[in-house]
Amino acid sequence: MNPFRTTTLAAMVVVATLMAGAVQVAEAAATQRIEPTQIGMGESARLTIAASGGDASAISPPMVAGLEFIAVAQSQRIESINGVSSASTSVTYQVIPQEAGVFTIPGSGSGSSPVVLTVSPSNGQGSAAASGGSVRLTAPSARQSALPAGSTRVTANGAAFVRLRLPKHELYVGETIPVDIQVGMRDGFVASLNGLPTLNGDAFTLEKLSSQPQRAEEIIDGRPYTVLTWHSALAAVKPGELALTVETPLTVRMRTAARPDAGFLGEAGLDDLFSDPMFQNFFGASTEKEITVASAPTAFSVFALPAHDRPADFSGAVGSFSISSDISDDKVAAGDPVTLRLRVSGTGNFDRVTTPMLHDVEHWKTYAPTAKFKAEDDIGHRGEKTFEQPVIATRPGTQSLPALTFSWFDPNSRRYVVARTSPLSVAITAGAPASQVVSTASLAAASSNNNGDSPAGYRDDHGLRPDHVVIGSATASLLPHYYQPAYMAVPSFLLAALSGAWFWIRRREQNASAEAARANEFPQTEALLASMEEARAAGDTTRFFHTARLALRGALASQWQVNPASITLADVETRLGASSVTARVFKLADEAAYAGTRLTPADFQWWRQLVLREISNEAMS
Amino acid sequence: MNRLKLALSLGVAFLGVAAIGSASAAGPADRPATPSAYSAPALYDLGNFYARAGRPAMAVLNYERARVLAPTEPDVQKNLSHVRESLGLPAPHPGWLSQHDRLANPNTLYWIGILGLAITGVALLRRRVSSKQPALLAAGAVVGSLLMALGLCDAIATASTLHEYVVMAATAARTSPTSAVEPLFAVPLAEVVHVRDQHQGFALIRDSQGREGWVANADLAPVIPSIGNITGASTPPEAPR
């Protein structure tokens, strides 16, 4: 309800009472209605009792064993028709079942008919309503608590409160429980809600809160509050004795001026009217302030999941579940896919409800399953999760799909539960299948002979070409080798190896060329000796000693492993001595070239023999 | 000369090892696929399954993946075309290179390119050290170069596939990477789009008509799953086992 309207309505009531005198009140009559008429444990219904007259105290909550009634809203209506005023009051109760059954709520006044509320153990689909008082159905095996009202701790100035409503205070790690987070805001005192409620601490997780909470009116200590309710699911992430608080940021209006004396006009009810910040704000006597309102600490006992008897395939599901399985078709052709379904329904943490379905089943080709969850409440705490797995039979005959298993921890019985479905049989026909099965090899052969068409260009009822039964070669990644780092190294390595070989060959060729050049620069000894003979016969002293020096250089170069051109007279004198034959030949070659020394035929012969002997000695050494 | 022979022998041995590696990566023909392994026939079958189950986006995704591994398989092409036509999607317009280069599996073409590189290199080296059989060596170099070019072209053609995504839920492309702005154009279910950029949960796509806009990553699934995919993209179960 709009805070301004509430305040204005209250003022109108006071003014009307003071100025108009007594209001003609119609004869008291009451009606009541309840919505919805069928709920499940953990849910609540709303009972509205309307009575003529302006006195809300004339309406009292019903008393029905197994049901709890909490007043959540109150409204009054005053009508004036042709000068005749009439008033009516209605009170709305939240009806919280404490056990399953069919309950009759008796009428609360004259003309009020009883209403029937059916509470089913889990999903609100109870049996038909019975009449004639309260009829209890078969009691559930484990009593489930509804969401009792949490303790309400109103802020010091009475402007707002935050409270939690929980079905229980003992839970297991991973178990999710429904939770209502309620933020109450005193009409006129709260300017704005500045954010969603958040948990204090890291021991619990909360499902995402909706930005559109439920809105209701509630009277607490005679003061009206607008109560916003978020339905969510709470889960503990670690064991221990834990406390939980929820807080939310608000902007409230604070009074800055002195309050009028209590008992002004002798009406206690006007105290709130003049304390209302709406009035204060009107006269500039209030200011706004941002505060954070926290709920009273709620204690929890959180237990770790027992390690004993934990099933191997336990995935962390905690709750109360049941499973069933079926297949899409029990008679198919070999190669046609069928869908194996596993349904897990109940209440619990469905985000942890997972199963690998079937693996490596003989005569079956299995694929990864998909999962779909259909929630039956706002918070995903109750619903059904369906796993679908495509499977294809590879051999005709009656083939069996093994039983599926699913395990969870039941917090009510405090033990692990392993549920198994029944094995399923599928008749696999070999001939004239719905989608003709051919092997990859036969398809390939047909493709090459028939312009890409399989035999007879077959298509199934869906207009699709048939399946390929043979799986063929597999690869670990769809990413082509070009873009995988390990494979990128292969061409790099090969290119480096080829380049290395190329440079090695090139260097080898360069060495061979240099050797050949050196060979051209220094002729062979035999040629040099022949040239010496020619020079001796011609009496050419200069040419004789030049040739002799070249021959000796060649011989020394082989011995010393150096370039012949680099051997000088100084080298020869250092290594062989200044009086050696080779040193004397080097000197005479220079003298003949520059001084024109001439030899007799006998000298030619003598030097020829000395040179030949030196070359022979060098070669020998 | 002995060293040269040794180098050539090492090169041949390397190619042999590479060929063995390729063969072992592919696996024997009749061996079942291992978990998390991709096989063209298995992806094709999975595409058929989803097509029959009335889930065309998943069908197109698996057909496209099968097409990566078996680009010449006619059944994959025909069923993919059939599903696309049934959805009223326009025929894709692959580039010239993609149309003419997709002769075989990209991994096969990769090894063909490597073989071409080896043949070209060995022929050029042999030509360098010996003048015998010059025509044969020249022919070897040409053939090797052609094989190398084939692999290179396929690498370039395949590069565009890395950015291909399938639209898993019909959505709307927007002018900015936020859902607060007005839709620009509708992106139909099972359309194959190219992702050109991404920003905070949205991807800039280009559709088959050349239009560009931003869509949520969660509405897209990569044709080739890899570490370079956009973050938050849909990851439907695809691996047969």
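Guide: A residue counts as exposed when its relative accessible area is over 50%, as buried when it is under 20%, and as partly exposed in between. Please keep in mind that this is a predicted model.

Visitor: Is Phe503(A) buried or exposed, then?

Guide: Phe503(A) has a relative accessibility of 53%, so it counts as exposed. Phe503(A) belongs to helix H5 of chain A, residues 485-521.

Visitor: Which residues form a nonpolar patch on the surface with Phe503(A)?

Guide: Trp502(A) and Leu124(B) do, and together with Phe503(A) they have about 300 Å² of accessible area.

Visitor: Let us turn to confidence. What pLDDT does chain A average?

Guide: The average for chain A is 75, and 75% of its residues score at least 70. Within chain A, the lowest confidence is found in helix H4 (residues 440-449), with a mean of 33, and the highest in strand E26 (residues 405-410), at 93.

Visitor: Where in chain A is the pLDDT below 50?

Guide: One such stretch is residues 123-146 of chain A, which has 48 contacts in the model beyond near neighbours in sequence. Residues 431-456 of chain A also stay under 50, and there the model has 46 contacts beyond four places in sequence. Where pLDDT is low, the predicted coordinates should not be read in detail.

Visitor: And chain B: how many helices and strands are there?

Guide: Chain B has seven helices and seven strands. Along the sequence, the pattern of chain B is α-α-α-α-α-α-α-β-β-β-β-β-β-β. Of the 241 residues in chain B, 47% are buried. Chain B exposes about 11,300 Å², of which carbon and sulfur atoms supply 62%.

Visitor: What share of the contacts in chain B join residues at least 24 apart?

Guide: The share is 59%, counted among contacts between residues at least 6 apart in sequence.

Visitor: Back to chain A and its backbone. Which residues does a cis peptide bond join?

Guide: Glu35(A) and Pro36(A) are joined by a cis peptide bond, with omega about -15°. Pro36(A) is in the loop between strand E1 (30-35) and strand E2 (38-40) of chain A.

Visitor: What is the phi of Met357(A)?

Guide: Met357(A) has a positive phi of about 60°, although it is not a glycine. Met357(A) is in the loop between strand E21 (337-348) and strand E22 (364-366) of chain A, and is buried at a relative accessible area of 10%. His363(A), also not a glycine, has a positive phi near 70°. His363(A) lies in the loop between E21 and E22 of chain A and is partly exposed, with a relative accessible area of 22%.

Visitor: Next, aromatic contacts. How many aromatic pairs does the structure hold over all chains?

Guide: There are 22 aromatic pairs over all chains. In one of them, the ring centres of Phe350(A) and Phe373(A) are 4.6 Å apart and the planes are at 35°, so the pair is tilted.

Visitor: Why does that pair tie together parts that are 23 residues apart in sequence?

Guide: Because Phe350(A) lies in the loop between E21 and E22 of chain A, whereas Phe373(A) lies in strand E23 (residues 370-375) of chain A. Phe350(A) is buried at a relative accessible area of 4%, while Phe373(A) is partly exposed at 34%.

Visitor: Which residues form one aromatic cluster?

Guide: Tyr172(A), Phe303(A), Phe314(A), Phe409(A) and Tyr416(A) do.

Visitor: Finally, salt bridges. How many are there over all chains?

Guide: A search of the whole structure finds 21. One of the salt bridges is between the side chains of Lys365(A) and Asp45(B), at 2.6 Å from N to O. Lys365(A) is in strand E22 of chain A and Asp45(B) in helix H2 (residues 40-52) of chain B, so this pair joins two chains. Both Lys365(A) and Asp45(B) are buried.

Visitor: What about the salt bridge of Asp590(A) and Arg549(A)?

Guide: The side chains of Asp590(A) and Arg549(A) meet at 2.7 Å, N to O. Asp590(A) is in helix H9 (residues 581-595) of chain A and Arg549(A) in helix H7 (residues 541-560) of chain A, so the pair ties together parts 41 residues apart in sequence. Asp590(A) is partly exposed, at 29% relative accessible area, whereas Arg549(A) is buried at 16%.

How values were computed:
Residues are numbered from 1 along each chain as its sequence is written. Chains are lettered from A and ligands numbered from 1 in the order in which they are written. This is a predicted model: local features need pLDDT of at least 70, side-chain atom pairs count only at pLDDT 80 or more; totals for chains, interfaces and linings use all residues. Side-chain values use heavy atoms; hydrogens and water are left out. pLDDT is the predictor's confidence in each residue, from 0 to 100. Helices (H or I, at least four residues) and strands (E, at least two) are DSSP runs, numbered from the N terminus. Contact means heavy atoms within 4.5 Å. Buried means under 20% relative accessible area, exposed over 50%, partly exposed in between (1.4 Å probe, protein chains only). Accessible areas come from the Shrake-Rupley method with a 1.4 Å probe; for residues, only the protein chains shown count as cover. Patches are made of residues with over 30% relative accessible area and no salt bridge: like charges are joined within 9 Å, nonpolar side chains (Val, Leu, Ile, Met, Phe, Trp, Tyr) within 5 Å. A salt bridge is a side-chain nitrogen of Lys or Arg within 4 Å of a carboxyl oxygen of Asp or Glu. Rings of Phe, Tyr and Trp (its six-membered ring) pair if their centres lie within 6.5 Å; planes under 30 degrees apart count as stacked, over 60 as edge-to-face and the rest as tilted.
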